[in-house]
Amino acid sequence: MQIGRVMPDKMKHKELFEGFSVASLVHRYLHFGGQKERLEFVDLCAGCGVVGLFLALMDARRKVLAVDRHQSRLAAQLHKEVAIHFQGLQGRIHWKTADLRPIGTANPLVLPTSSVVVACHACGLLSDEAIAAATFQTSRPIILLPCCYPHKPKVNARHNAPSFSWDRF
């Protein structure tokens with residue numbers, strides 16, 4: 001995995017292996033599974049954007065939009081270093097700072113219509129928000145790997161809880 005050599009001892013190996021595994025499954029299913037080939041991807045709850053980077057590296061025609069509440073210094077450094085070492089990535093992967101949890105139903109995140117949405121480690125209630133974002137205005141394929149989902153979420157207990165409404169689905 002050459003991407004691990006770009007920033008040794010900065011990224012957790014677990015994150016790289018999981019990101020590569022998810023990207024490989026998505027690539028294999030969409031590329032060889034008889035599905036209509038899609039070339040636009042959205043990496044929701046991107047963290048460092050590793051899944052999106054791997055998807056872009058697996059097919060030189062793909063464009064990726066990585067979306068998260070904020071881009072960490074590690075994510076910015078990783079994308080900068082990867083763009084230097086893999087020249088073909090420049091212009092094919094972009095970062096958007098946005099929150100999946102809009103206040104009320106105002107200002108929902110609007111994703112490209114023809115994109116495939118991938119969300120790896122959409123923690124807790126963010127899984128629901130990822131589904132809502134992927135299905136807003138039109139249906140898009142979504143590959144969702146949730147984690148730590150609460151059995152009985154206390155939606156009003158947290159300030160940053162998603163704005164649940166059945167109207168959003």
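Guide: Start with Val50, which sits in helix H3. Keep in mind that the model is predicted.

Visitor: Where does Val50 stand in the largest nonpolar core?

Guide: That core has 27 residues. Val50 is among those that touch the most other members, along with Val26, Phe41, Leu55, Leu78 and Val118. Several elements each supply at least two core residues: helices H2 (13–32), H3 (50–58) and H4 (73–85), and strands S2 (63–68), S3 (93–97) and S4 (116–123). H3 gives the largest share, six residues.

Visitor: What lies apart from this core?

Guide: Another core, of 15 residues. Its members include Val42, Val117, Ala119 and Ala133.

Visitor: What is the pattern along the sequence?

Guide: It reads α-α-β-α-β-α-β-β-α-β. In total there are five helices and five strands.

Visitor: How many salt bridges are there?

Guide: The count is two. Side chains of opposite charge can pair when their charged atoms come close.

Visitor: What makes Lys14 and Glu18 a salt bridge?

Guide: The test asks for a side-chain nitrogen of Lys or Arg within 4 Å of a carboxyl oxygen of Asp or Glu. Lys14 and Glu18 meet at 3.2 Å, N to O, so the pair passes. Both residues lie in helix H2, four residues apart, about one turn of the helix.

Visitor: Why is Lys14 called exposed?

Guide: Exposed means over 50%. Lys14 has a relative accessible area of 53%, so the label exposed applies.

Visitor: Is Asp59 buried or exposed?

Guide: Buried. Asp59 has 8% relative accessibility, and buried means under 20%, so the label holds.

Visitor: What makes Arg61 partly exposed?

Guide: Arg61 has 46% relative accessibility. Exposed needs over 50% and buried needs under 20%, so Arg61 is partly exposed.

Visitor: How many disulfides are there?

Guide: The count is zero. A pair would need cysteine sulfur atoms within 2.5 Å.

Visitor: Why is Cys48 called buried?

Guide: Cys48 has a relative accessible area of 7%. That is under 20%, so Cys48 is buried. Cys120 has 13%, so Cys120 counts as buried by the cut-off too.

Visitor: What share of the residues in the protein is buried?

Guide: Buried residues make up 43% of the 169 residues. The protein exposes about 9,800 Å², and carbon and sulfur atoms supply 55% of that area.

Terms used
Residues numbered from 1 in each chain as written. Predicted model: local features only at pLDDT ≥ 70, side-chain atom pairs only at ≥ 80, totals over all residues. Heavy atoms only, no water. Core = buried A, V, L, I, M, F, W, Y, C linked by side-chain atoms within 4.5 Å. Buried < 20%, exposed > 50% of the residue type's maximum accessible area, 1.4 Å probe, protein only. Areas by Shrake-Rupley, 256 points an atom, 1.4 Å probe, with all protein chains shown as cover.
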